[in-house]
Amino acid sequence: MLYGPDGEPLTESNSETSLNGPWWREGLPGEQNASTSRIYGLDRDAVRRQTRRAFFTNPLFGAAVEIAVALLIGDEFTYSPLNADKAAQTALADLWDTNDLGNLMSNRLVTEYLLDGELCAVFPLEETGDQPARIGHLDIDRGIVVTADPMSGPTRVQAKDSRGQDLTWEAGQFVWTAHNALWNDARGWPVAMRAVAPAQAYLELLGHRLNTHDLQGRILGVQTVFVDRKDPNSRAIFNEKRQAYRRMPRKGGMLTLAKVLADDGKTVISDEVSFNSPASGAANAQHDARAFIRLTALALLGLPEHYLGEGGTVTRTTADSMTLPAIRSVKRIHAALRSHLDRIFRADLVRRHGPDRTYMVTTYEVSADGLTRKARKKRVKAAQIEVPWAFPAITQDSLDERIRRAEAAQRSGWASPQSLSASLGFDPAEETERMAAAGLQFGGVVTPPTTAPRGGDPNA
């Protein structure tokens, strides 16, 4: 008989939740929850529901996803001034305000992209004219049907409304983004899918460890009762004494063992019971838990385990090197989200002003020596406009490294004071105004006062 982490025998009803991982399963992968989305030996719908369920029921997985979302988007998402004419700038501001894009990205889209691996933005089916569109993002788990071909990609999306009626969005009325949509497969896979198994295994291990320590804590002592095999009343006495501690209460109890005298009358034979040493069990649990935390973090954007609160043997040097895969993964997700938002804005421009409308943008041509550039204006269609979405800066550079780089550029005359100030996190325009109000000049040498302020201690 098999027992789960809760100490109860595994049955058909609880086997799915107790041992639902790569360590033990009956049948082949994908045999259960069969659907039309089975591919590569997996059921795509089942995998998506698994990541969603783990987000709400598995503390380790849920916390890892929340940390990844904070790393990806934080609360700094916005956009810089658009390099286009007033019509495009107004359309972008209207789209941002109407849909509260900053809050939408921080509190919904990034999380859904990690858990589902797919985003589907749809525009209103009714004609709204030259008005900002209120876009919606479909729940991928509600039977979305995507029609696609290798040349054009997704060309149609179908879903059901609250009354069960079919809704259809044709090309230009929706924006589809999918993670790991490989080999002409239009559908994607959850970004966090590989972190579910180690996170589930972590909870299973924790449950078994808790069971072990609970049993150790409940055995307060071991009673040894002498049993003489030649005395017919000896066994009855043993049973009588054992009855006093037959049931072990939740708060602890005694364990009765028999001590038997051998035939030679000298050798003592005793029943034995062995338990895991509490110290050894705790050390093993810590080691195993750290391994599963490392696997969970690694499978979710390549996060180092110290991002999840497990420092272990990580030093400052190893931590810096371990951060690089996370930075690369974050930038890859940023690229997907940036593309998703760009296509939403371009589709809204086409919807409001038509597909043939052109917009004035400014481009720059850099000279051959790289020292000068010349501005040129040209008209482009909506598909060529790129929005400067501002995601949180993800870098390995420490403050000391940025300062050394700025000082080197200043000594060699490679950068302006404005660029150097901005590289250290200052706003040159704002600092110029504040320094001017104090009688100082931006970029000048600030001389410390030679006399202490009135009332101050010159030796302080």
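Contact on this tour means heavy atoms within 4.5 Å. This is a predicted model, in which local features need pLDDT of at least 70 and side-chain atom pairs count only at pLDDT 80 or more, while totals for chains, interfaces and linings use all residues. Residues are numbered from 1 along each chain as its sequence is written, and side-chain values use heavy atoms, with hydrogens and water left out.

**The whole chain**

Start with a cartoon view: there are 12 helices and 15 strands. Both are DSSP runs numbered from the N terminus, helices being H or I with at least four residues and strands E with at least two. Of the 460 residues, 35% are buried; buried means under 20% relative accessible area, exposed over 50%, and partly exposed in between (1.4 Å probe, protein chains only). Among contacts with a separation of 6 or more, 64% join residues 24 or more positions apart.

**Stop one: Thr-51**

Select Thr-51 in helix α2 (residues 44–57). Is Thr-51 buried or exposed? With a relative accessible area of 0%, Thr-51 is buried. Now show its neighbours: leaving out residues up to four places away in sequence, Thr-51 touches Phe-61, Leu-115, Pro-190, Ala-192, Met-193 and Val-196. Its side chain also reaches the backbone oxygen of Leu-115 at 2.7 Å.

**Stop two: helix α3**

Next, select residues 59–72, which form helix α3. At the start of α3, look for a side-chain oxygen of Asn-58 that comes to within 3.1 Å of the backbone nitrogen of Leu-60. The buried residues of α3 include Leu-60, Phe-61, Ala-64 and Val-65. The expected span is 1.5 Å times one less than the number of residues. After α3 comes Gly-74, with a positive phi near 55 degrees.

**Stop three: α4 and α5**

Finally, select helix α4 (residues 86–99) and helix α5 (residues 101–116), which pack at about 50 degrees with their axes 6 Å apart. α4 and α5 are therefore oblique to each other; angles under 35 degrees count as roughly parallel, over 145 as roughly antiparallel, 65 to 115 as roughly perpendicular and the rest as oblique. Leu-95, Trp-96 and Asn-99 in α4 meet Leu-101, Gly-102 and Leu-104 in α5.

Staying in α4, pick Thr-90, which is partly exposed at 35% relative accessible area. Thr-90 sits 42 residues from Pro-132 in sequence and 9.7 Å from Pro-132 in space, C-alpha to C-alpha.

Key
Axes fitted to C-alpha atoms, helices over the stretch in contact; angles between N-to-C directions. Polar contact = N/O pair within 3.5 Å; in protein donor to acceptor, adjacent residues only side chain to side chain.
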